[in-house]
Amino acid sequence: MAEMHPDVESVVLSEEDIHRIVSRMGRQISEDYADKNPLIVAVLRGAFVFTADLMRAITVPCSVDFMAVSSYGDGVKSSGVVRIVKDLDTKVEGRHIIVAEDILDSGLTLSYLVKLLQSRKPASIEIAAFSIKDIPNHTPAVTPRYVGAHVPDAFVVGYGLDYAERYRNLPYVGILKPEAYS
Ligand SMILES: O=P(O)(O)OC[C@H]1O[C@H](OP(=O)(O)OP(=O)(O)O)[C@H](O)[C@@H]1O
Ligand code: HPA
């Protein structure tokens, strides 16, 4: 087991948990997309770690492309504005799209992206969210078909998730100590 980073308060998902979760998601997607050659759209930067693992857990033909968006800037609060930093290189018209995201928090990023991709007329579009933040009295605007795990309503880092571009390399997901960002 990886040693806990001193800025991390507690581990929410261990490496073993993550392996189990992503294997399950890969199995589900492989069953549902056997002859569909889905295009996995990874939402950079955060989702690159999850997407790399998810692709390897998918046993049917699939391809990948990347979109970079930013809504959090360098902070812990959504700016409310989703910015496309890099668009796809692949034409999505007629393709079966699976948007791979590391975390669904306010849902702003995914609802913006799904609307945008929908306007490009894919054959279908679904979301694979590695994690969903459990926010009291909040119903996200999108419903992912594939959900990895629920995480508590706290700022989490690791497994691709950052604070100010740090901690993405932690192999587990943990709650960041408030003093690390205050
Ligand atoms: O549901 P939401 O409240 O919209 O939050 C989720 C988004 O926020 C983070 O991205 P961020 O903008 O921090 O960019 P990053 O992926 O480069 O870290 C995360 O990776 C998701 O894309
Ligand atoms: O809890 C979080 N951690 C890191 N990035 C995020 N983007 C939205 N929520 C989070």
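Of the eight residues around ligand 2, those that come nearest are Ile103, Asp105, Phe155, Val156 and Leu161. By class, the shell around ligand 2 holds six nonpolar residues, two charged ones and no polar one. The model is predicted, with an ipTM of 0.97 and a pTM of 0.95 given by the predictor for the complex.

**Confidence**
- Mean pLDDT over the chain is 94, and 96% of the residues reach 70 or more.
- Where pLDDT is low, the predicted coordinates should not be read in detail.

- Six bridges pair strand S2 (residues 39-44) with strand S3 (residues 63-70) in the parallel sense.
- Between S2 and S3 the chain passes through helix H2 (residues 48-57), and this β-α-β crossover is right-handed.

**Helix H2**
- The buried residues of H2 are Val49, Phe50, Thr51 and Leu54.
- Their cover includes two of the strands described above, S2 and S3.
- Helix H1 (15-32), strand S5 (96-104) and S6 are also among the elements that cover the buried residues of H2.

**The three-stranded sheet**
- S1, S9 and S8, in that order, form an open sheet with antiparallel pairing.
- Strand S1 (8-13) and strand S8 (156-157) stand at the edges with a single partner strand each, so one side of each is left without a neighbour in the sheet.
- S1 and strand S9 (residues 173-176) run antiparallel and are joined by four bridges.
- Leu13 stands opposite Val173 of S9.
- Strands of a sheet pair through backbone hydrogen bonds, either parallel or antiparallel.

**Arg120**
- Arg120 lies in the loop between helix H3 (108-118) and strand S6 (124-133).
- Arg120 counts as partly exposed because it has 14 C-beta neighbours inside 10 Å, a count that lies between the limits of 12 or fewer for exposed and 20 or more for buried.
- Beyond its neighbours within four places in sequence, Arg120 is in contact with Val92 and Glu93.
- From Arg120 to Lys91 the separation is 29 residues in sequence and 8.3 Å in space, C-alpha to C-alpha.

How values were computed
Residues are numbered from 1 along each chain as its sequence is written. Chains are lettered from A and ligands numbered from 1 in the order in which they are written. This is a predicted model: local features need pLDDT of at least 70, side-chain atom pairs count only at pLDDT 80 or more; totals for chains, interfaces and linings use all residues. A residue is near a molecule or strand if its C-beta atom, placed from the backbone, lies within 6 Å of it. Ala, Val, Leu, Ile, Met, Phe, Trp, Tyr, Cys and Pro count as nonpolar, Asp, Glu, Lys and Arg as charged, and the others, Gly among them, as polar. Two residues are in contact if their C-beta atoms, placed from the backbone, lie within 7 Å. Two strands pair if DSSP finds at least two bridges between them. A crossover is right-handed if, with the strands pointing away from the viewer, the path from the first strand over the helix to the second runs clockwise. pLDDT is the predictor's confidence in each residue, from 0 to 100.
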